[in-house]
Amino acid sequence: MTRPTHIAITGGSSGIGAALAEVHAAPGVLLSLAARNPDRLDVVAARCRALGAEVATTLLDVTDTAAVAAWIEAADDLRPLDLVYANAGLGGRPALAGASGETLADARAIVDTNLGGVVATAGAAIARFVPRRAGHVVLIGSIAGRLGLPQSPVYSASKAGVAVYADGLRRLVAPAGVAVTLIEPGFVRTPMSQDVPGSDVMIWSAERAATRIRAAVAARRAVYRFPLAFDLVLHLARHLPRPLVDAVLVAAQRRMNRP
């Protein structure tokens, strides 16, 4: 794969999105970064410009599907996009369930952002990529989408939706030569995850995650999951009796919630 020269990233103001912007930043590269926080977005843009990249920033809420489509179209009109990261998501403390589960308002916000925002971003990109038979879409899911964590059932469900959507989308656009990659991280050290109980388990820095993601994208991998130990746990969980997996996850949650 030739090096992409125009890359769009949602959630580009912090965490994995900001790290992805910096790892791709280089002379000759245009970064179209979208996020909701203007101050943090400006800081990331400045760091990327210092690395030689050209940067265009847009304030964007990915739950506004019309705005997402307009952003992708404007970016692609400016210079044809090569690579789009549907990265923006809602997690951390706001995605943790109470003892009685998530409220309906919280659940809708999580699903609208984590699944709806990804579909809006990927769909807008695919509409440009398929006619020219080129392009690459990267969807940021989560290992939680494969397990159904008791501390965040709706978050897990939203990421499971991203995983299934990625599979279907990849199969849909493969004949047109468009690539789709699903990224399923474990815990990554970001402002969103810092207050989540248990998030220090096998945690990666955002910079390490971004470097590995960039390599997986360059290799046009269908799915990249990290760290490897979590991937092995998932493989094991698929072959264990469901009651045993339930008991292990419930016990782990109780330990994490102890003061």
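Which way, left-handed or right-handed, do α1 and α2 cross? In this predicted model, local features need pLDDT of at least 70 and side-chain atom pairs count only at pLDDT 80 or more, while totals for chains, interfaces and linings use all residues. Residues are numbered from 1 along each chain as its sequence is written, and side-chain values use heavy atoms, with hydrogens and water left out.

The crossing of α1 and α2 turns out to be right-handed (the near helix is turned clockwise from the far one by less than a right angle). Helices (H or I, at least four residues) and strands (E, at least two) are DSSP runs, numbered from the N terminus. The axes of α1 (residues 15–24) and α2 (residues 38–50) come within 8 Å and cross at roughly 15 degrees; axes are lines fitted to C-alpha atoms, for helices over the stretch in contact, and angles run from 0 to 180 degrees between N-to-C directions. That makes α1 roughly parallel to α2 (angles under 35 degrees). Where the two meet, Ala 18, Ala 21 and Glu 22 of α1 touch Val 44, Arg 47 and Cys 48 of α2, contact meaning heavy atoms within 4.5 Å.

Then there is the sheet. Seven strands make up an open, parallel sheet, ordered β3-β2-β1-β4-β5-β6-β9; strands pair if DSSP finds at least two bridges between them. At the edges sit β3 (54–59) and β9 (223–226), each pairing on one side only. Further in, β5 (residues 136–140) and β6 (residues 179–185) pair in the parallel sense over five bridges, with Leu 139 opposite Leu 182 in β6. Helix α3 (residues 65–78) packs on the sheet, touching β1 (6–10), β2 (30–35), β3 and β4 (83–86). The direction of α3 makes about 165 degrees with that of β2.

Conventions. Angles under 35 degrees count as roughly parallel, over 145 as roughly antiparallel, 65 to 115 as roughly perpendicular and the rest as oblique.
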